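Here are a few friendly notes on the model you sent over.

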4 protein chains.
Amino acid sequence: MRTRDQYFEDLKKMRKNVYLDGVAIGRDDPRVIKAANVIGKTFDLAQDPEFEDLLTATSHITGEKVNRFNHVNQSIEDLLKKQECIRKLCNLTGGCIQRCMGADMINGISAAAKDVDAAHGTNYYENFINYLKYFQENDLIGAGSQTDPKGDRIARPAQQWDPDQYLHVVERRPDGVVVRGCKVHNTIAPYADEIIVVPVRTLKPDETDYAISFAIPADTEGVYMICKECFYLEREDNLDAPINGYGDLESMTVFDDVFVPNERIFLNGETEFSDRYALGFALYHRHSYTGCKPGISDIIMGLTALLADYQNIRKTTHVKEKLAELISVAELVYGTGIAAAYTSQKVSSGTQVPNTIYCNVARRHAGHNIFHEWDTLTDIAGGLCATLPDGKQFNSPEVGEFVKKYIRRKEGVPEENIWRAYALAQDLLTGEYSSVTFQVAGVHGGGSPVMEDIAILGNYDLNSKIENVKHIAGIKD
Amino acid sequence: MRTRDQYFEDLKKMRKNVYLDGVAIGRDDPRVIKAANVIGKTFDLAQDPEFEDLLTATSHITGEKVNRFNHVNQSIEDLLKKQECIRKLCNLTGGCIQRCMGADMINGISAAAKDVDAAHGTNYYENFINYLKYFQENDLIGAGSQTDPKGDRIARPAQQWDPDQYLHVVERRPDGVVVRGCKVHNTIAPYADEIIVVPVRTLKPDETDYAISFAIPADTEGVYMICKECFYLEREDNLDAPINGYGDLESMTVFDDVFVPNERIFLNGETEFSDRYALGFALYHRHSYTGCKPGISDIIMGLTALLADYQNIRKTTHVKEKLAELISVAELVYGTGIAAAYTSQKVSSGTQVPNTIYCNVARRHAGHNIFHEWDTLTDIAGGLCATLPDGKQFNSPEVGEFVKKYIRRKEGVPEENIWRAYALAQDLLTGEYSSVTFQVAGVHGGGSPVMEDIAILGNYDLNSKIENVKHIAGIKD
Amino acid sequence: MRTRDQYFEDLKKMRKNVYLDGVAIGRDDPRVIKAANVIGKTFDLAQDPEFEDLLTATSHITGEKVNRFNHVNQSIEDLLKKQECIRKLCNLTGGCIQRCMGADMINGISAAAKDVDAAHGTNYYENFINYLKYFQENDLIGAGSQTDPKGDRIARPAQQWDPDQYLHVVERRPDGVVVRGCKVHNTIAPYADEIIVVPVRTLKPDETDYAISFAIPADTEGVYMICKECFYLEREDNLDAPINGYGDLESMTVFDDVFVPNERIFLNGETEFSDRYALGFALYHRHSYTGCKPGISDIIMGLTALLADYQNIRKTTHVKEKLAELISVAELVYGTGIAAAYTSQKVSSGTQVPNTIYCNVARRHAGHNIFHEWDTLTDIAGGLCATLPDGKQFNSPEVGEFVKKYIRRKEGVPEENIWRAYALAQDLLTGEYSSVTFQVAGVHGGGSPVMEDIAILGNYDLNSKIENVKHIAGIKD
Amino acid sequence: MRTRDQYFEDLKKMRKNVYLDGVAIGRDDPRVIKAANVIGKTFDLAQDPEFEDLLTATSHITGEKVNRFNHVNQSIEDLLKKQECIRKLCNLTGGCIQRCMGADMINGISAAAKDVDAAHGTNYYENFINYLKYFQENDLIGAGSQTDPKGDRIARPAQQWDPDQYLHVVERRPDGVVVRGCKVHNTIAPYADEIIVVPVRTLKPDETDYAISFAIPADTEGVYMICKECFYLEREDNLDAPINGYGDLESMTVFDDVFVPNERIFLNGETEFSDRYALGFALYHRHSYTGCKPGISDIIMGLTALLADYQNIRKTTHVKEKLAELISVAELVYGTGIAAAYTSQKVSSGTQVPNTIYCNVARRHAGHNIFHEWDTLTDIAGGLCATLPDGKQFNSPEVGEFVKKYIRRKEGVPEENIWRAYALAQDLLTGEYSSVTFQVAGVHGGGSPVMEDIAILGNYDLNSKIENVKHIAGIKD
């Protein structure tokens with residue numbers, strides 16, 4: 001397995017196809033490094049004896065130790081460990097762990113490819129296993145890329161007025177295919193080694209060019225990563241905090257006629273399997289959310305309780321009720337995620353697939369509650385979470401003492417602690433990194449709530465409930 | 001194991017201490033028989049090969065096959081089976097299965113009594129095991145009785161202006177104790193063989209007389225069961241339906257100086273263990289709710305889908321969204337119940353205790369959503385769920401044809417089916433049995449939502465969340 | 001104006017076309033009388049000096065004093081008085097005042113008919129004014145009848161497989177028309193003097209036979225009222241209470257080829273005005289809901305507060321929060337109803353029409369919260385609201401003293417008062433009258449929440465909001 | 001009345017007591033000017049014939065035309081105009097209009113001071129009227145300052161371990177008093193001419209030093225404004241938009257032993273009137289929220305509808321439902337605000353005071369829904385609201401064309417328009433200005449939801465509801 005330093009060294013060598021401020025930058029740009037810091041953590045902890053059990057697994061293809069994020073789940077235990085690992089890492093970094101993008105993608109493909117081969121005589125699963133071996137041995141970072149821009153939302157892929165709104169094959173060669181299009185909202189892509197692509201939706205038989213799945217190096221010719229940076233506000237040195245060392249680059253990843261060699265192709269035109277790839281990634285990613293979302297809730301509830309404590313209102317009834325509500329959201333999601341693992345099943349390739357219904361109701365519940373949790377933190381924090389003077393004011397020889405005096409709360413709590421707690425609240429409530437990765441991604445990541453509704457209704461045995469109701473109502477037919 | 005008939009025969013022999021309309025009635029009164037019908041089902045199915053696996057278990061004390069409701073859980077698998085069994089029985093009977101009252105009570109006592117003995121040198125666990133053997137061998141029905149009237153809600157038991165508002169010991173004899181007081185909201189008691197009592201709350205050291213747990217025959221001298229009957233409206237013969245064969249008697253069970261022999265006592269004055277008995281029953285009962293509440297939700301969602309189908313709106317967006325919401329409530333509760341079993345732990349007596357946090361967040365979520373589910377059924381059903389003419393009108397030679405004509409919905413659905421579906425909706429939405437056992441008990445049974453808040457906050461490791469937040473905020477102290 | 005006695009005398013003379021239990025009954029049947037009791041109250045109070053200002057108005061056509069429910073609103077003040085009057089009457093009777101059905105219908109027709117005449121040269125408004133004069137002078141009760149069975153919900157009126165699922169003209173004669181069909185969910189109809197009919201929806205040009213509005217005596221030949229009775233449980237004499245003197249009969253009103261004379265026709269084929277009639281009644285009725293729904297909320301919040309007081313928890317934080325929520329629902333609805341009156345406008349006939357947006361958002365808010373209010377009452381009441389032993393048990397020489405003892409709460413509150421308060425809670429939470437008229441009608445009466453969504457979106461100037469957003473976003477086009 | 005330019009000229013002359021980045025800055029600092037831009041708008045529009053009616057009023061003391069924000073309301077019409085004016089200005093500027101801080105403060109004091117004089121023989125009302133004349137004639141901007149830091153939340157003002165956590169009098173002189181303390185969350189203060197202070201809460205008789213209300217110039221010796229800046233991200237010139245021209249400075253306003261002359265004192269020690277001042281400002285401010293909050297909702301709903309339109313999903317059911325919900329929140333708040341004005345009452349000074357209950361239920365509803373509205377916008381916008389590449393990427397010769405291509409939605413919508421609409425969503429959802437002034441202030445401004453609960457319960461006649469319930473339940477006592 002790589003070390004954090006090796007990872008950053010490898011990033012540095014890549015072709016400059018990451019764009020910020022309208023120009024190409026190297027992957028040694030400080031903004032890339034800061035955003036990649038959370039990935040660095042996954043290398044560090046994998047080599048830390050305390051976290052080794054959580055952060056590593058044994059490859060089912062090589063028997064070697066691999067990073068858990070590069071592992072294809074083989075058992076209930078694997079899924080439970082993944083869930084636990086993600087929650088723990090979100091706790092430690094105070095945010096999105098990002099690396100699950102690649103993990104969920106390899107699991108989704110692993111669960112589907114063998115069935116395509118069985119139906120069509122293709123060799124996608126072999127391609128995939130060879131790729132996985134390379135991926136695991138080199139301890140790579142994969143950017144799972146699924147979401148197309150989708151253009152006009154009521155037109156199908158092939159009916160878009162701009163035909164490139166869904167990524168598609170524009171040329172077929174003996175040695176591979178050329179693809180054109182774009183994948184959006186690509187967290188992690190600017191500091192990933194590889195991009196792994198699957199279709200975004202169910203396809204019809206005549207939409208073969210859109211049924212394409214593959215993996216390529218992230219700096220392949222023709223790939224452009226047009227990024228949006230999301231960081232918290234800069235801190236004064238003496239007021240710096242672990243959480244402020246993290247951030248995120250979101251990428252609009254353009255494929256401007258990019259060549260993909262045959263051995264890197266995992267689906268190519270078998271439209272009836274498109275949903276297996278699309279929903280496969282989504283399913284694993286929703287299961288990951290049953291770990292990360294409670295991990296974020298842990299931060300929110302912990303901070304809410306801490307601020308309540310500093311204000312000396314921790315034991316008031318309305319605070320207790322709100323804490324119980326925060327806990328309930330987190331543990332319903334996590335508990336149902338456990339159920340998803342416990343009732344998971346093996347598919348043809350031996351890959352362990354979590355329960356669709358439990359994954360979706362859990363992810364849905366998380367998505368429906370994220371803004372409500374923010375509301376609760378705001379409620380208990382009070383206005384200072386918005387109006388807290390910044391570190392320069394806190395440090396100011398002219399007014400710093402006033403700042404310290406008038407943020408005082410319960411006797412005995414050092415003023416710097418109060419400032420730090422409110423500054424965290426301010427980062428969470430008004431900072432860009434938080435709004436992007438907790439709020440918006442909290443609603444849409446892994447599929448918006450409406451996508452979970454669709455998944456639930458598509459997989460739930462509602463008819464058996466109807467039949468039972470007919471029985472107890474005495475309806476025969 | 002007994003048969004349904006043996007059970008009803010045994011009921012018939014009991015002393016007349018059940019009261020309806022202000023007078024004592026026999027347990028062969030048609031109202032008792034109707035209410036006990038659901039218990040009969042638990043005898044029938046235990047002997048039905050299709051349900052044997054669900055409905056029976058192997059006693060850990062005798063190795064004999066016993067009804068699952070008389071079994072003390074010994075494993076994760078036991079807890080999962082119990083949960084599944086309860087959901088299934090609620091589906092089949094369209095309502096509350098009731099017998100879990102006894103099951104949860106024996107489990108709660110089994111989990112606590114051995115620790116009292118270890119601390120005090122008492123022999124409660126031996127008493128309990130002897131009792132359990134008798135209970136299992138005779139396949140008895142136990143009425144778990146916990147809730148005292150509680151009088152003035154801000155006064156403690158010993159400070160009540162009426163000292164009997166919490167059941168307590170009024171006389172101590174060499175061979176036992178005499179108790180006085182009342183247990184309320186006792187579903188099942190009027191057709192149970194035994195009453196099993198535990199305290200309702202945490203007690204202080206000087207409240208010894210209130211720290212009492214025991215079991216006695218339900219017709220013991222001095223016991224009065226003052227009942228409230230809850231049935232659906234009577235049906236015409238040709239329009240009868242399975243669900244209308246069930247009902248419930250709720251009992252205010254008075255203990256008017258009742259003697260309890262020593263061998264039937266499971267706690268007697270050890271106040272610091274009172275909460276173990278009180279919360280032990282509650283915990284198992286909340287876990288049972290993770291089975292029964294989704295079972296009721298199954299009925300609501302099935303009927304909602306059926307009525308939507310009859311009206312030809314099953315595929316409209318707003319119906320689908322609402323069905324997804326109903327499913328989500330049910331499966332979050334059930335899934336988190338699975339997690340409660342999966343993370344359950346053995347205690348000193350070998351009894352398997354489900355996870356407190358998962359049981360409570362699941363029960364809480366169920367309680368917070370029950371009226372919302374009713375709202376959804378009402379919304380999709382439309383006004384006819386309230387205004388449907390009854391069976392006499394449907395059967396009327398004078399106006400029956402009009403009724404049939406004007407309840408028509410989608411072409412091809414027999415009018416009787418539509419009437420039956422709406423009649424079920426009417427029973428559920430406007431019937432007394434449903435209001436009592438689904439709505440009010442759905443909120444309060446096993447503990448009101450506020451009790452779950454207390455249980456959650458009392459058991460959750462919120463401090464570790466605070467410490468983690470301090471870490472990422474850079475707060476050292 | 002009539003007295004209560006004259007009203008009941010007039011009812012007695014009517015043809016027997018009311019059906020209960022499958023047979024025709026006279027309007028002097030005790031069930032009709034009990035249901036009509038609330039109407040009696042509107043006669044009594046109109047002659048009570050204390051309520052005269054609220055209950056009466058001055059007819060704009062005759063200048064005579066008329067019952068406010070028979071008045072066509074002419075001013076902001078009229079609408080505010082109507083709203084206040086309805087809330088007050090709901091308070092006094094503890095339930096639905098029912099007579100607004102006729103009031104809202106005459107107002108809706110009055111607001112629309114003149115415009116039909118202007119467009120088509122018809123004389124519907126003259127017909128209406130003549131009818132109104134008769135209606136006011138005889139102080140009649142009108143049953144507003146709008147809702148058709150509607151059969152297959154996705155088929156239009158003329159495309160139903162059963163052509164009578166929407167009431168329609170089946171024969172046109174020189175002196176009138178013959179209609180066939182049915183109007184459902186007709187509260188008040190079995191004890192109304194007159195039935196007043198309007199279409200239920202917008203119609204297309206070829207649906208002329210469905211564009212029909214008229215008024216006829218309630219016992220006209222061919223009219224059948226197939227009723228559903230909704231009462232609270234019977235009380236023992238010594239425990240009787242005012243609220244138990246009320247009830248409701250809901251009617252499925254069949255028009256089996258009923259002749260309507262020309263002078264009683266208010267719309268006949270002018271399809272483009274169908275929505276004016278349909279939505280006109282609905283609009284006034286939704287405005288009435290801004291009075292009655294807060295009136296019901298008054299009962300719920302009053303009882304919640306009373307039970308909290310009896311239990312001695314009135315001042316606890318969670319009770320106060322829940323009371324604030326109950327008040328907020330009531331006063332948002334009532335306040336927005338005031339705004340609807342304050343921003344009302346006169347139409348061509350001089351009729352004062354309340355503001356569409358405010359009426360609809362208020363009614364919608366009421367409908368979305370009704371089950372939530374029930375939930376709150378259940379929450380604070382505790383389980384006794386379901387399991388309270390009935391009056392026969394309370395009065396029993398054998399067990400009555402036990403009942404009295406164990407329903408005790410705060411010291412000093414007479415046991416009968418506690419029983420009465422809980423009995424009211426039991427009626428409200430588990431009684432049929434309440435479920436039908438507060439819960440189901442609370443959701444659907446005057447139009448289900450989804451109908452208000454449609455009305456809101458159809459009338460709101462959302463485009464101006466879009467234009468404003470374009471402006472501040474710098475979008476020009 | 002002043003012009004915008006005169007206002008900015010006056011600001012420039014003030015003493016440098018505004019702090020950013022830890023140092024004192026002039027009020028001609030670009031950040032102050034940008035934040036003050038919204039105040040400039042209130043000067044501009046007051047002189048614009050189209051808005052004159054909304055933006056100006058006639059002074060009740062001089063008969064001169066004054067800016068509406070400097071007017072003391074004398075009638076229902078005044079209150080309605082104020083509400084309408086605020087909503088309109090929020091629409092035009094896309095945000096908080098800020099100047100109501102001063103308006104609500106002068107109205108609150110005007111409603112209370114005369115009664116203090118009547119009780120104590122003081123001359124506060126005369127002081128106030130003289131001040132008001134000066135305030136109106138010079139068309140000044142007032143910063144309403146009420147919220148103290150409050151330190152330990154369960155300790156009263158005089159019991160704080162740091163005695164300055166509530167602003168208080170530290171010295172009494174013949175010509176005035178010296179005050180020490182701090183007022184926090186002071187929107188507008190850094191670019192106001194005057195600071196107007198009232199107590200934050202009800203006081204006990206021995207808390208006289210805290211019962212202090214006064215007005216002083218904002219740059220008075222001893223006053224320090226320690227600010228937090230809140231702006232949207234900078235835009236490229238060609239992509240600038242009106243909304244990006246606005247912002248906000250929040251001030252922690254320190255009073256470091258500041259002298260207040262007698263003629264500027266409006267309350268000084270009359271503790272029993274403290275709540276009249278505290279709640280008076282709050283009441284007017286909550287009424288202002290019934291204007292501004294719907295004004296912000298207009299932006300949210302307009303943008304939601306615009307983005308739905310660009311994506312071609314405007315007519316889908318789930319979008320329509322969500323739009324109806326957004327409209328309902330806005331119009332319930334606005335409608336109930338109308339009711340608050342319509343039922344307002346004159347007090348002794350002639351000041352028109354809006355209805356307490358309606359103001360509070362409306363503000364409460366707004367506060368409870370703000371995060372839900374953000375959730376809805378996020379839901380409909382999709383992930384691009386977070387990941388939109390910025391203006392430099394849009395303008396980039398290297399990748400700009402890719403950005404334009406892959407943000408395309410419905411055919412025919414210019415790409416710049418789509419970018420602008422999503423950039424506005426990004427500002428609103430992830431920008432600091434929005435998080436501070438819409439979200440946090442949307443919850444806490446004018447009083448957190450819990451403060452409205454307290455105000456509602458303190459003023460609502462719940463006893464009459466209890467009495468009515470007793471009546472219908474037959475309870476006599």
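Which strands of chain D does helix α14 lie across?

1. Helix α14 (residues 432-444) of chain D lies across β10 (223-231) and β11 (247-261) of chain D, and runs at about 115° to β10(D). Axes here are lines fitted to C-alpha atoms, for helices over the stretch in contact, and angles run from 0 to 180 degrees between N-to-C directions. Contact means heavy atoms within 4.5 Å. Helices (H or I, at least four residues) and strands (E, at least two) are DSSP runs, numbered from the N terminus.

2. A word on the ground rules: this is a predicted model, where local features need pLDDT of at least 70, side-chain atom pairs count only at pLDDT 80 or more, and totals for chains, interfaces and linings use all residues. Residues are numbered from 1 along each chain as its sequence is written, chains are lettered from A and ligands numbered from 1 in the order in which they are written, and side-chain values use heavy atoms, with hydrogens and water left out.

3. In chain D, six strands form an open sheet with mixed pairing, in the order β2-β1-β10-β11-β7-β6. Two strands pair if DSSP finds at least two bridges between them. At the edges stand β2 (23-25) and β6 (168-173) of chain D, each with a single partner strand, so one side of each has no neighbour in the sheet. From one strand to the next, the twist averages 30°.

4. D:H168 has D:R180 in β7(D) as its bridge partner.

5. Helix α14(D) returns here: helix α9 (residues 356-381) of chain A packs with α14(D) at an angle of about 60°, their axes 10 Å apart. In this contact, A:F371, A:D375, A:T378 and A:D379 meet D:Q439, D:V440, D:V443 and D:H444.

6. Chain D also superposes on chain C by a rotation of 180° with 0.0 Å of shift along the axis (RMSD 0.0 Å). The C-alpha of chain D nearest that axis is that of D:T336, at 2.4 Å.

Notes. Copies are superposed by least squares on the C-alpha atoms of residues with pLDDT of at least 70 in both.
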